[in-house]
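Let's take a friendly walk through this structure and its contact surfaces. Have a look at the sequence and the fold first.

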Amino acid sequence: MSEGRAGNAAISEKIYYDDEIVKKFIYATIFWGAAAFIVGLLAALQLAYWPANLELPWLTFGRIRPLHTNAAIFAFGGNIIFAGIYHSTQRLLKTRNFSDFLSNFHFWGWQLIIVGALITLPLGYSHGKEYAELEWPLDIAIAVVWVVFAVNYFGTIAIRRVRHLYVAIWFYIATIVTVTLLHVVNSIEIPVAMLKSYPVYAGVQDALVQWWYGHNAVAFFLTTPFLGLMYYYVPKAANRPIYSYRLSIVHFWSLVFIYIWAGPHHLLNSALPDWAQTLGMIFSLMLWAPSWGGMINGLLTLRGAWTKLRTDPIIKFLAVAITFYGMSTFEGPLLSIKSVNSLAHYTDWIIGHVHGGTLGWNGFLTFGIIYYLVPRLWNTNMYSQRLMNWHFWIGLLGILLYYISMWASGITQGLMWRAIGENGQLVYPDFVETVMRIVPLYYVRFAGGVLFLAGFLLLIYNVWITIARAPRGEKAMAVEVPARSRDVTDIGTGHRKLEALSVIFTVLLFLAVLAGSIIEIVPTLAIYKYLPQTAKTEPYTPLELTGRDIYIKEGCYVCHSQMIRKLPYDVLRYGANSTLEESMYDRPFQWGSKRTGPDLARVGGKYPDMWHLRHMIDPRVITPKSIMPAYPWLAAEKIDYNILRKKLSVMKMLGVPYNDEDVSNADINAEKQAAVIYEGLLTQDPSLESVKDTEVIAIIAYMQSLGKKTSQQGVATSNK
Amino acid sequence: MPDKEKLIEDHEYDGIRELDNPLPGWWLMTFYITVIFAVIYFGYYQLFGGPTLDEELSAEMSSIKAEQEKTEEAGELKTQEDYLALVSNPDAIAKGKAEFMTKCMPCHGDKGQGIIGPNLTDDYWIQGDGSIPAILKVMNEGVPDKGMPPWKGVIPADLEEDVAAYVYSIHGTNPPGAKAPQGQMIERR
């Protein structure tokens with residue numbers, strides 16, 4: 001492309017935007033959206049009705065849930081972000097994308113990664129860290145594709161014809177820069193096999209890094225890019241000016257600076273040092289106003305277009321999306337208050353909170369954008385306004401059912417967990433009693449999901465017919481844009497000037513997100529050096545480690561926590577509060593985020609081996625009302641002893657105190673320990689010969705080790 | 001849009017204009033209040049000696065323990081004779097059985113015949129003498145090393161005697177598939 005000669009030569013020129021790439025990403029959004037919703041529906045059904053696990057390893061809840069979250073966030077969310085970014089940026093900067101090759105590399109690379117996830121997650125290749133489950137080859141692929149995206153994007157900025165960057169672009173830049181940082185730092189891991197690795201961080205460090213990542217995946221994957229999209233598509237669709245430029249500036253910078261600190265609110269009342277918890281809480285509270293700044297700017301931009309709210313389904317979707325954004329970002333800070341969190345954490349309230357954001361804010365904004373883009377890209381009108389309206393109402397009803405049932409479920413279960421009678425004992429000591437109470441609500445949630453998906457099917461049909469009926473064979477239209485000109489000397493002052501200096505803008509942004517990251521994470525990296533040396537923590541035996549990896553593979557962590565919080569009802573139910581020492585060799589940490597089943601931090605020694613064996617093969621034999629999936633295949637799959645030397649040597653390299661002998665005898669030691677457990681089972685039931693050397697033996701070893709590895713107990717003990 | 005709102009000149013991006021509205025006052029106020037709260041909260045808990053989570057937990061646990069002890073003291077020690085009325089009370093036995101079916105059945109079997117845990121219907125006892133106080137004691141304290149969990153606090157206090165009475169009542173029922181005897185032979189008085 002020719003550089004516009006300084007000022008006086010060409011005043012305008014004709015270019016073509018690359019809309020093909022936008023179309024591709026739209027197709028991908030719709031395709032993966034359907035997949036993500038269907039998988040979500042299956043997961044919802046499995047909790048209501050356990051036989052829906054179908055006793056197929058690759059379809060059990062523990063493997064399906066990560067597939068659902070990854071598909072919803074990165075496949076559905078990711079593709080619409082890319083569609084919107086490529087579409088709006090070209091127009092905001094009056095230039096074609098920097099490189100069609102890079103755009104296409106980005107598109108196909110991303111889809112391949114999704115396919116990789118679709119295959120590996122159900123097979124159980126998982127990192128065991130939420131929303132970062134993909135194993136190391138895919139982690140590398142994500143980094144490569146993301147960097148390609150970044151190069152393409154900053155290239156586009158470099159060749160722009162509009163000097164000042166519009167607020168949507170600030171948010172896109174924030175997304176690209178921060179996601180790179182989050183992904184790279186959280187994914188530092190050492191491979192032990194083609195699809196198996198251990199993170200370099202352990203225990204509390206891993207917890208902090210993971211939730212710094214996890215929380216900011218919400219922030220910089222589901223919030224900032226969508227705010228950017230909002231800033232383009234809302235004023236476009238409503239044909240109104242942005243309510244307040246000053247508000248844009250203030251809420252943008254406060255949002256990106258504050259968000260990055262809030263991660264520890266996922267670890268409140270845990271063993272994480274108090275100061276980090278306090279930071280997580282107060283920054284979450286301070287995040288309320290910056291978030292609402294975005295909502296205010298969005299809703300007040302729609303002001304004056306209120307009449308369209310009745311007539312134009314696109315405006316309806318956008319307005320409701322922004323409203324849900326406002327609700328979620330109010331609820332978030334609320335849930336970050338330690339006392340509120342003590343009730344809500346580990347319950348379905350959090351699941352409701354997430355879906356208010358994802359279904360309401362991300363989902364409805366996406367639908368509005370699709371309905372806005374499809375007729376424009378294909379040069380036609382949407383086939384049916386009525387179907388769009390139906391989609392809106394069915395979808396909204398679906399979200400409300402989801403949200404309300406999960407609130408009710410979370411608060412009910414949270415209150416039951418914490419109820420202590422006058423005699424100082426738990427009122428509902430039996431965990432499964434608290435599960436039975438909420439199962440009906442799981443059906444309501446499922447119904448909500450069905451409605452949401454039904455609405456989406458209307459979108460698919462509507463879009464399909466629209467495209468099928470669109471005029472064919474028309475060439476893309478050229479647009480007239482001002483020639484590039486470098487001699488704009490008056491680029492303004494203050495923030496206005498910064499908007500014209502893309503490099504400095506990006507650097508400042510990077511510093512803004514780096515500050516909180518460093519202050520929170522770096523001190524914990526050395527934390528284990530400062531722990532009192534009074535207690536010695538034993539590393540896992542090779543067999544226990546094998547069991548632990550199976551635990552991660554099966555996704556037990558999506559239902560079970562391993563963190564007894566510093567709360568009296570946690571201590572009464574599960575035993576002394578968990579300490580930092582107990583997880584100091586845990587790679588990855590498994591503190592968990594939801595208790596669909598009871599905490600397992602001290603399950604070691606609680607039951608005999610035979611109990612676990614029978615419970616794993618069929619939980620209903622032990623707990624008739626259990627909703628835990630059955631794992632009969634664990635008693636059939638053989639343990640892979642051969643990989644253990646490699647696993648231990650990686651662990652040793654990472655600083656776990658194994659000696660050379662431990663490493664070189666890892667397989668033998670594991671076999672010996674397995675034989676002891678097996679013999680014990682056999683004496684009780686001679687028909688159990690087939691469980692010899694099977695994975696369930698390793699799981700039993702791991703279960704029995706939980707809470708038994710260190711003498712360092714929490715400050716409080718239960719009455720036991 | 002109301003008249004007093006002003007479009008900013010030069011701010012035009014693909015047809016999108018921007019207004020020069022000030023930050024809403026109530027919004028700014030919210031922001032300030034959260035910041036001030038944050039500073040005070042951090043100061044109190046992290047700098048000026050507010051209680052740590054450990055301290056709060058210890059305090060709460062000791063008041064709970066006090067309550068537990070109070071209720072334990074209140075219940076005076078009972079003897080086998082005091083309990084016998086329960087064994088002939090069908091209501092108590094029914095309640096005890098229901099609880100047994102959810103809590104004890106996985107290990108002792110639906111008829112007390114024994115699976116992982118020992119047969120509870122025979123004359124052989126590993127722990128105690130098979131009297132109701134003895135059953136209560138094993139039940140509450142468990143034998144953790146041998147795989148019998150402690151049930152204190154897990155089984156509601158008003159049900160534990162019913163469960164023990166139920167276990168006592170199934171003695172001699174000779175259920176099918178009973179586990180081989182374990183422990184000492186102790187004949188019932």
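Which domains does the domain assignment of chain A give? The assignment lists domain 1 (14-475 + 490-517) and domain 2 (542-715). Please keep in mind that this is a predicted model. The C-alpha centres of domain 1 and domain 2 of chain A are 34 Å apart.

Here are the two interfaces, one per row.

| Interface | Residues in contact | Buried area | Share on carbon and sulfur atoms |
|---|---|---|---|
| Chain A and chain B | 76 of chain A, 55 of chain B | about 5,600 Å² | 66% |

Let's begin between the chains, where chain A and chain B bury about 5,600 Å². Tyr245(A), Arg246(A) and Lys566(A) supply 9% of the area that chain A buries there, more than any other three residues. Six salt bridges cross this interface; one of them joins Glu5(B) to Arg303(A), with the closest N and O atoms 3.0 Å apart. Helix H9 (residues 274-286) of chain A gives the largest share of the side of chain A that touches chain B, nine residues. That side divides into 42 nonpolar, 19 polar and 15 charged residues.

Now for the contact inside chain A. Two salt bridges are counted between domain 1 and domain 2 of chain A, and Asp549(A) forms a salt bridge with Lys196(A), the closest N and O atoms being 3.4 Å apart.

Definitions and conventions. Residues are numbered from 1 along each chain as its sequence is written. Chains are lettered from A and ligands numbered from 1 in the order in which they are written. This is a predicted model: local features need pLDDT of at least 70, side-chain atom pairs count only at pLDDT 80 or more; totals for chains, interfaces and linings use all residues. Side-chain values use heavy atoms; hydrogens and water are left out. Contact means heavy atoms within 4.5 Å. Buried area is the accessible area (1.4 Å probe) that two parts lose on being put together, summed over both. A salt bridge is a side-chain nitrogen of Lys or Arg within 4 Å of a carboxyl oxygen of Asp or Glu. Helices (H or I, at least four residues) and strands (E, at least two) are DSSP runs, numbered from the N terminus. Ala, Val, Leu, Ile, Met, Phe, Trp, Tyr, Cys and Pro count as nonpolar, Asp, Glu, Lys and Arg as charged, and the others, Gly among them, as polar. Domain bounds come from an automatic or database domain assignment.
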